[in-house]
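Student: Please take me through one part of this protein up close. I would like to look at its aromatic pairs, and then at a nonpolar patch on its surface.

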Amino acid sequence: MAAMAGSGLSNQTGAAVGALAFPVLGPLGVVAVRQYVAALVLLIVARPRLRAFAWPQWWPVLLLGGVFGTMNLTLYSAVARIGLGLAVTLEFLGPLTIALAASRRRLDAGCAVLAAVGVVVLMRPRPSADYAGMALGLVAACCWASYILLNRVVGRRIPGAQGAAAASAVSALAFLPAGVAVALAHPPTAGAVLCAVAAGLLSSAVPYLTDLLTLRHVPAQTFGLFMSVNPVLAAVVGWVILGQGLGGAEWAGIGAVVVANAVSIATTRH
């Protein structure tokens with residue numbers, strides 16, 4: 001339980017710390033550095049045998065790398081516009097949709113309706129609404145859903161974490177020109193670089209390694225149930241570190257999405 005709590009807090013704290021570098025590097029620069037750090041850690045841990053990969057293994061890896069980078073870029077761009085709590089909640093619709101789509105239970109249909117109500121509350125028309133930021137959050141949700149499905153394919157074709165490491169390396173290479181362009185256009189400060197590196201470590205390396213350890217001792221259902229609190233953690237961390245306060249309606253919308261996911265997972269028999 002402590003490891004799962006630490007993983008969730010690390011992930012959201014990393015995103016918040018990365019947001020501190022937005023004024024200097026922008027979301028693109030922060031995501032580029034995060035991809036570099038994630039690739040470095042995963043390559044050291046997994047040590048993929050890239051030369052042994054055949055094309056049936058490479059194509060899902062390439063797609064996974066593209067989805068991984070797009071997911072992080074759209075999420076961080078959404079964080080810059082609508083705040084950490086709302087951005088993570090919208091992104092969380094991706095895995096929630098995957099979980100509910102394969103079910104035929106009436107209870108899960110009710111959970112889907114509850115989550116939809118939460119989204120309507122979050123995206124309701126109001127003068128301060130940033131619909132571009134919300135759209136980015138929904139794109140991140142689609143990417144996370146695709147990431148889950150592609151990970152299944154990669155996991156069946158490549159042993160261990162080699163596929164994930166290779167995909168992270170592909171994503172890092174894709175972001176290399178963007179990182180160079182950002183550095184040349186806006187020379188980074190030491191503080192901004194440290195925040196971006198911390199984002200990579202806290203939001204990629206630490207959660208990945210912690211989750212690997214946790215899943216050896218905790219049932220997948222319990223792990224998924226605990227993951228449902230991530231939008232709440234994101235909202236709290238965004239408030240504490242970034243000063244991004246939320247109103248009662250926003251908390252209600254976040255709560256609806258969290259409860260929908262928690263109920264669906266907690267009542268699943270297998």
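Tutor: We take the aromatic pairs, then the surface patch. This is a predicted model, so a few ground rules apply: local features need pLDDT of at least 70, side-chain atom pairs count only at pLDDT 80 or more, and totals for chains, interfaces and linings use all residues. Residues are numbered from 1 along each chain as its sequence is written, and side-chain values use heavy atoms, with hydrogens and water left out.

Start with the rings. A pair of aromatic rings is described by the distance of the centres and the angle of the planes. Rings of Phe, Tyr and Trp (its six-membered ring) pair if their centres lie within 6.5 Å; planes under 30 degrees apart count as stacked, over 60 as edge-to-face and the rest as tilted. The structure has four aromatic pairs. One of them is F22 with Y76: the centres are 6.2 Å apart and the planes at 65°, so this pair is edge-to-face. F22 sits in helix 2 (residues 22-46) and Y76 in helix 3 (residues 55-82), so the pair links parts of the chain 54 residues apart. Helices here are DSSP runs (H or I, at least four residues), numbered from the N terminus. F22 has 14%, so F22 is buried. Y76 has 1%, so Y76 is buried too.

Now take F92 and W144. Their centres are 5.8 Å apart and their planes at 70°, so this pair is edge-to-face. F92 is in the loop between helix 4 (84-91) and helix 5 (93-101), while W144 is in helix 7 (residues 131-157), 52 residues apart. F92 is buried at 3%. W144 counts as buried at 17%.

Next, the surface. L20, V229, V232, V236, W239, V240, I241 and W251 make a nonpolar patch of about 680 Å². Such patches are made of residues with over 30% relative accessible area and no salt bridge; nonpolar side chains (Val, Leu, Ile, Met, Phe, Trp, Tyr) are joined within 5 Å, like charges within 9 Å. A salt bridge is a side-chain nitrogen of Lys or Arg within 4 Å of a carboxyl oxygen of Asp or Glu. Areas come from the Shrake-Rupley method with a 1.4 Å probe, and for residues only the protein chains shown count as cover. Helix 11 (residues 230-242) gives the most to the patch, with five residues. I241 is in helix 11 and is partly exposed at 34%.

Finish on V232, also in helix 11. V232 is partly exposed at 31%. Leaving out residues up to four places away in sequence, V232 touches W251, I254 and V258; contact means heavy atoms within 4.5 Å. V232 and G8 are 224 residues apart in sequence, yet 10 Å apart in space, C-alpha to C-alpha.

Key. Helix = DSSP H or I, 4+ residues; strand = E, 2+ residues; numbered from the N terminus. Buried < 20%, exposed > 50% of the residue type's maximum accessible area, 1.4 Å probe, protein only.
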